[in-house]
Amino acid sequence: MPSSTAASARRWRLPVLAAAALLVGVAVPGAAAAPAPETTGAAAVTAYDDTYYASAVGKSGTSLKSALHSIIRNQTKISYSAVWTALKETDEDPANSANVRLLYSGTSRSKSLNGGDVGDWNREHVWAQSHGDFGTSAGPGTDLHHLRPADVQVNSIRGNKDFDMGGSAVSGAPGSYTDSNSFEPRAADKGDVARMILYMAVRYEGTDGWPDLEPNDAVTNGTVPFHGRLSVLKQWNEQDPPDAFERNRNELIHSTYQHNRNPFIDHPEWVESIW
């Protein structure tokens, strides 16, 4: 039977060795390493919180929505023809600078193939133009925060449908589905779509000559200034957090073109706080 002195020595030897190992980088068997602190998109504090978002930080609900509207409504508007040039920069394929990355399909396509023919890409209004009838005039019709390059035929299939789950597979956009009144983008684009729709709902509040755009839980919105389905969009925002591509778009739109930001890319947790 070991002596009490020896047992006592073993009891204090392990923590001492473990502490020493932290200094020299040596692992001690049986001594568990302290877990690294976790960081998430929802918990991260952006570089703009003390400046751009200063009047919104700490608020919630309608107060947060109102504060964000006051911030992001200050933007430089561009023409619809200028959108072509802008998208070639904001949506440039990181793996091929001669191409853009297409929404809904993820396809990389030559920047020069912009147009209206089969095989071309065109300007997809994620918040459908008919949902408020704002067309392509400078304002919601040219707002880069919801305009993305998309395959011409896939764009036509999406049309002005609301967003929801289910339907039949979309030709040319693997992982996307559609039915008579809704469209489901592929998993990698779900969060992007949600944050674009909800940006539009905060930016356009009916205060500057454009309709008051709002999300709702319907998929039969037609030409009214609503877009759905809100409950599904909120799920997509959680399931597909902002990635490097989406964050880079936000930076370029802010620094080079419109000089405003999509707050839900910087703070995706604000979606739940408002809705």
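Contact, on this tour, means heavy atoms within 4.5 Å. What you have open is a predicted model, in which local features need pLDDT of at least 70, side-chain atom pairs count only at pLDDT 80 or more, and totals for chains, interfaces and linings use all residues. Residues are numbered from 1 along each chain as its sequence is written, and side-chain values use heavy atoms, with hydrogens and water left out.

**Stop 1: the whole chain.** Show everything as cartoon and you'll see 9 helices and 11 strands; these are DSSP runs (H or I, at least four residues; E, at least two), numbered from the N terminus. Of the 275 residues, 47% count as buried, that is, under 20% relative accessible area with a 1.4 Å probe and protein chains only (exposed is over 50%, partly exposed in between).

**Stop 2: Asp164.** Select Asp164, in the loop between strand E6 (162-163) and strand E7 (168-169). Buried or exposed? Asp164 counts as buried because its relative accessibility is 13%. Leave aside neighbours within four places in sequence, and Asp164 is in contact with Ser182, Phe183, Glu184, Val219, Arg229, Val232 and Trp236. Now show the side chain of Arg229: a polar contact of 3.0 Å joins it to that of Asp164. (A polar contact is a pair of N or O atoms within 3.5 Å; within protein, one must be able to donate a hydrogen and the other to accept it, and residues adjacent in sequence count only if both atoms are side-chain atoms.) Try Gly228 as well: its C-alpha is 7.5 Å from that of Asp164, though the two residues are 64 apart along the chain.

**Stop 3: helix H5.** Next, pick residues 187-203, which make up H5. Of its 17 residues, 15 are buried.

Stop 4

**Stop 5: a sheet.** Finish with the open sheet of 3 strands, ordered E1-E2-E3 with antiparallel pairing. Its edges are E1 (92-93) and E3 (108-110), each pairing on one side only. Strands count as paired if DSSP finds at least two bridges between them, and E1 and E2 (residues 96-101) have 2. Zoom in on Glu92 and you'll find Val100 of E2 opposite.

Key:
The expected span of a helix is 1.5 Å times one less than its number of residues.
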